[in-house]
Amino acid sequence: MELWPGAWTVLLLLFLLLLFLLPTLWFCSPSAKYFFKMAFYNGWILFLAVLAIPVCAVRGRNVENMKILRLMLLHIKYLYGIRVEVRGAHHFPPSQPYVVVSNHQSSLDLLGMMEVLPGRCVPIAKRELLWAGSAGLACWLAGVIFIDRKRTGDAISVMSEVAQTLLTQDVRVWVFPEGTRNHNGSMLPFKRGAFHLAVQAQVPIVPIVMSSYQDFYCKKERRFTSGRCQVRVLPPVPTEGLTPDDVPALADRVRHSMLTIFREISTDGRGGVAQPTQRWEHFILSPVSPLPLWSSLLLYPTFYGTIPPTPSPWIQWTQSFVRRKTHAAAGS
Ligand SMILES: CCCCCCCCCCCCCCCC(=O)SCCNC(=O)CCNC(=O)[C@H](O)C(C)(C)COP(=O)(O)OP(=O)(O)OC[C@H]1O[C@@H](n2cnc3c(N)ncnc32)[C@H](O)[C@@H]1OP(=O)(O)O
Ligand SMILES: CCCCCCCC/C=C\CCCCCCCC(=O)OC[C@@H](O)COP(=O)(O)O
């Protein structure tokens with residue numbers, strides 16, 4: 001029994017140390033800041049997915065659930081101070097199936113993607129994402145199509161089924177034709193699945209380019225500040241009359257046009273990479289930075305009381321408040 005107050009005090013001191021250490025690390029180490037921000041990004045999505053699952057489950061697995069996920073994810077750009085500018089949204093064909101192809105730099109693509117995601121549009125994702133806890137289940141409920149990239153045959157047959165679904169159920173598909181994340185300032189050679197899919201269904205391809213994140217995000221350098229990103233929707237590329245033999249040329253043509261735009265919009269127009277936009281509200285809103293600091297200030301008086309014998313100022317105030325109210329009630 002004697003040990004308990006001591007153990008609690010040590011725990012409390014460790015906790016307080018952590019609360020002060022985290023903001024210090026945040027301000028002093030860009031790598032720690034990168035780590036916190038990425039950890040919060042994934043954690044927050046997993047948490048949002050927990051909230052989304054029961055709502056989506058009402059409909060079961062349904063592409064309409066993607067609207068719910070989209071609405072729930074749209075605010076994240078504000079938390080991170082990332083300004084997303086959309087250009088060319090009028091290029092989306094109004095009411096027909098199509099295949100969207102876009103470049104894939106990082107999991108942050110989710111922000112740009114949600115900004116322009118058309119109605120009844122489902123992404124094609126690697127199978128492993130299905131096992132990403134609550135996010136995997138939310139994706140499944142929203143109709144995300146999972147492919148096993150290691151089994152080309154299986155992936156191709158899934159995509160052939162998708163070509164049918166595209167037409168019969170009036171859906172659109174979003175594919176990252178690089179097939180993996182790529183943050184080297186260019187684009188990897190395109191996989192051909194998305195183009196075969198569009199040719200099989202004879203539907204247009206809508207290329208979307210997200211500008212480079214280099215000015216605010218770099219995984220290699222562990223750098224993550226605030227900044228801006230442009231999402232450019234390019235004019236649709238028709239595929240009517242094309243056959244599987246035309247796919248390689250089609251994929252090259254689309255990649256070339258996307259790469260040209262990528263280079264154009266990834267600079268600030270003066271030949272340099274766009275400068276990050278740092279504004280005070282990003283600091284306030286940035287979820288990870290002030291939280292430990294504020295919470296430590298708030299929690300300190302609360303926990304103060306657990307180091308005997310002084311009760312915490314919050315507890316003292318509550319006690320006197322209750323006492324005053326009880327006396328007032330007894331007097332009346
Ligand atoms: C609030 C809570 C929120 C919670 C959270 C929400 C998040 C809600 C958003 C989620 C968003 C996730 C987004 C994840 C993002 C990724 O997971 S990206 C990774 C997955 N995506 C991809 O892989 C892209 C699609 N991949 C492909 O298209 C590939 O072509 C395939 C089908 C996998 C095949 O891959 P491969 O064998 O490596 O490559 P490839 O050279 O293209 O094909 C081989 C041959 O097959 C032929 N081929 C390919 N496809 C076909 C076809 N369909 N028909 C006939 N022949 C074909 C090719 O032409 C080629 O033949 P040749 O030309 O050499 O003769
Ligand atoms: C635009 C894609 C964004 C998907 C974001 C889902 C976020 C889920 C949140 C927490 C789960 C933690 C797992 C993080 C998985 C990151 C998702 C992602 O970006 O998929 C990667 C895929 O593309 C290519 O995979 P590789 O680059 O080959 O390994």
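This is a predicted model: local features need pLDDT of at least 70, side-chain atom pairs count only at pLDDT 80 or more; totals for chains, interfaces and linings use all residues.
User: What makes Asp-154 and Arg-151 a salt bridge?

Analyst: Residues are numbered from 1 along each chain as its sequence is written, and side-chain values use heavy atoms, with hydrogens and water left out. A salt bridge is a side-chain nitrogen of Lys or Arg within 4 Å of a carboxyl oxygen of Asp or Glu. The closest N and O atoms of Asp-154 and Arg-151 are 3.7 Å apart, so the pair qualifies.

User: Why is Asp-154 called partly exposed?

Analyst: Buried means under 20% relative accessible area, exposed over 50%, and partly exposed in between (1.4 Å probe, protein chains only). Asp-154 has 39% relative accessibility, so it counts as partly exposed.

User: What about Arg-223, and which residue does it pair with?

Analyst: Arg-223 pairs with Glu-221, their closest N and O atoms being 2.9 Å apart. Arg-223 has a relative accessible area of 23%, so the label is again partly exposed. There is also a network: salt bridges that share partners join Glu-64, Lys-67 and Arg-120. Within it, Lys-67 and Glu-64 have their closest N and O atoms 2.8 Å apart. By this rule the count comes to nine salt bridges.

User: How do you know which spaces are cavities?

Analyst: On a 1 Å grid over the protein atoms alone, a cavity is a set of points where a 1.4 Å probe fits but cannot get out, whereas a pocket is an open set with protein on both sides within 12 Å along at least five of seven lines; lining residues have an atom within 4 Å of a point. A search of the whole structure finds two cavities of 30 Å³ or more.

User: What makes the lining of the largest cavity mostly nonpolar?

Analyst: Ala, Val, Leu, Ile, Met, Phe, Trp, Tyr, Cys and Pro count as nonpolar, Asp, Glu, Lys and Arg as charged, and the others, Gly among them, as polar. That lining has seven nonpolar, one polar and no charged residues; among them are Ile-82, Leu-108, Gly-112 and Phe-216.

User: And how does the lining of the second largest cavity divide?

Analyst: Into one nonpolar, eight polar and no charged residues. Asn-182, His-183 and Phe-262 are included in that lining.

Note on methods: Chains are lettered from A and ligands numbered from 1 in the order in which they are written. Grid points are joined across faces, edges and corners, and a volume is the space filled by probe spheres set on the points.
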